Amino acid sequence: MVDRTAGTSSLPDDWPAHPDLSLALNRMGSFDWDLDSGLMHLDQSALDVFDLYADEYDGHPETLGRRVPSDEGTRLDAMVSQALKNGATTYGAYFRVRGRDGFLRWVHTQGFIRRNAEGRPHRIIGIVRDAAQELAESAARHELDTERRRRTSLVEGTTAALAHARTVRDVIDVLKDSQGLEHLGATSLVMGLHEAGRIHLVAEGPENSFVPGTRYTRVDEPYPMSEVIRTLAPRFIESPEDFATSYPGLWPHISGLGITAAAYLPLIAQARPIGALGLLYRDKTGFTSDERNLLVALGSSIAQSLQRAMLYEQEHDLAQGLQQAMLPRRIPEVAGAEIAVRYRSARLGRDIGGDWYDVIPLPGGRVGAVIGDVQGHDTHAAAVMGQLRIVLRAYAAEGHTPATVVARASVFLHELDTDRFATCTYAEVDLSTGVIQVVRAGHVDPLMRHADGSCRRLPVEGGLPLGLSAEFRQLEYPVTTVELDPGHALLLYTDGLVEQPGADLDDGMQALSMAVESGPRDLQLLADRLCEVVDDRSGADDVALLLLRRTVGDLPQSGGRLRQHVAAADPEALSSARHMIRAAVRAWGARERSDEIELAADELITNALMHTDGGAIVTIRVLAGPERRMRVEVEDRSSALPRRREAGESGVSGRGLMLVDRLAEVWGVESRGSGKCVWCEFIVPRREAM
């Protein structure tokens, strides 16, 4: 029954309309369709026309799909939409309804469109009636015309459905699901594809109609499909005797099916046979001229769709191969980490994306994790993606800070001969400390899954996408520092995993978090589960994802090295650098000296930011030798050397290097090209092997 509480504010005051009693007496039902709310009221007589009980209809037109075949529904929707757009006030059409007994019968509908003062349609009131008796009582001439129109409508409806077929399987499904066989009177079909002088049978029905030994046949064999491909002409078999005489080798295998006639059609595209279609009939003898013309037209439509589907599949295989060739062939094993990567293409044909992932082993127990997406869905996007992946890997391997890696990649893309931009997230993970330095260039935020399975979004401050930041000269990418505890996993992904047409991004992020939380603990199984969600989603985009979990055992024991850029006048960057230093010192087994090292590093960074132009680069690393030392380096662009001096009378300046001198075992200054490096070292206890 209709829920009158749903959308009541948009329903007309007189809804639903109350028809005259005479309609019911004439076996007519009425409907009242409110276009604003989308609800359609059907009276009892209308429900009888559709052979529906009252409790089977919920007021939504889509519910009628159980009675109206899909091709009929497509034709009706197109007709009503056209009437609404062209300003018409009425429309009418005949269509078929499938009753509870499974048989189709004709129904007629007439609609009256009501529009508001601005001319916008807001309501349709009309009738539906059983047209079977009307058609049965029509004169023979009108029956013939109706039959011709019906058959023409069949070709048009099937052609419209085939227009959406993207694969060979889609074409077969349309032929089986559109009731085309039933309208033509055929009981079964066979379809084969022509491949290098052989015919590959790709569809047959019903299941018990398959003839052993005919899955693959040659074009020169005495079979009807072979004949129509050789001659490029249809073959109409009009009687069992004709079948038995023409194809004595085939007839004994199908004579038990009760076949009395058959039509075999060559499927020709661009003057070349690509296959053949066979329609088999029971209780039929001969074909009229109209039936022959109809079948030939149907075969032409199927051939065009089949060729398009085959081309799409070939191009998709080629494009997907190109995409896979651009991605890493294998993911390296990284001590202290478990990694899972996936790529899913949600498009067909040449429409492939520029999504990519990469895992870059770095010295000192570090690893770089990259996820990115080049604008566009074509082979050019894939080519740009391949180049970007290579340069990002090269810049990271050269030892640049994460911010510098991303900035240089942006410059590279800007100078490339392309109009594409790309989004990207680059995370440098120190597996010995768990410190992650993340740089985001216009990309979606990553997620972190905790050891207990809970999941949270990591808000990462971002910059402009690659290419655009170089064009607008905004290459200062902020670095966000977070810690990855053993058992925790970082999830990087492209927007196809969370974006859906018509849905909000936050809703997609929330749905992804729930999927991660409810997913299996095993990373490989979790990656597969997330991809299954994309595979089941209609209209989805390409997806790349990367999962990295820090393992409890087998952590790298080398001291490692961490670097971070600290921009001038950026308190967040300074706080992030302090966070990195504190986490590294404690993870590297120098917890008792963490306060001293953090304080000395803070003084060096602050001194560089106050007395030089531009930002600074801070590096912390462990030095091997007779004594285990921890070294802090702060680089800036000024060549002026600092000097230690006594604090001024106010006591608020000048004490930075004095403090460093007292805290550290040794400190010094080195020239570095156009700038300098101020460093200090601390003796720390040796770390016991785990």
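The legends below describe close-up views of a predicted model.

Residues are numbered from 1 along each chain as its sequence is written. Because the model is predicted, local features need pLDDT of at least 70 and side-chain atom pairs count only at pLDDT 80 or more, while totals for chains, interfaces and linings use all residues.

**View A. Helix α3 and the glycine that follows.** Helix α3 covers residues 70–85, where helices (H or I, at least four residues) and strands (E, at least two) are DSSP runs numbered from the N terminus. The expected span is 1.5 Å times one less than the number of residues, so the 16 residues of α3 should span 22 Å, in agreement with the 22 Å between its end C-alpha atoms. Asp 71, Glu 72, Gly 73, Leu 76, Val 80 and Ala 83 are the buried residues of α3, buried meaning under 20% relative accessible area with a 1.4 Å probe and protein chains only. Just after α3, Gly 87 adopts a positive phi of about 85°.

**View B. Strand β5 and its two partners.** In strand β5 (residues 121–130), 8 of the 10 residues are buried. Strands count as paired if DSSP finds at least two bridges between them; β1 (residues 28–34) pairs with β5 in the antiparallel sense over 7 bridges, and β4 (residues 104–115) runs antiparallel to β5 with 9 bridges. Ile 127 of β5 is the bridge partner of Ser 30 and also of Gln 110. A hairpin is formed by β4 and β5, with 5 residues between them, and Gly 119 in the turn has a positive phi of about 85°.

**View C. Cysteines.** With a disulfide taken as a pair of cysteine sulfur atoms within 2.5 Å, the count comes to 0. Cys 680 is in no disulfide, the nearest cysteine sulfur being that of Cys 677 at 9.6 Å. Cys 680 is buried, with a relative accessible area of 0%, and Cys 424 counts as buried at 1%.

Methods: Side-chain values use heavy atoms; hydrogens and water are left out. Buried means under 20% relative accessible area, exposed over 50%, partly exposed in between (1.4 Å probe, protein chains only).
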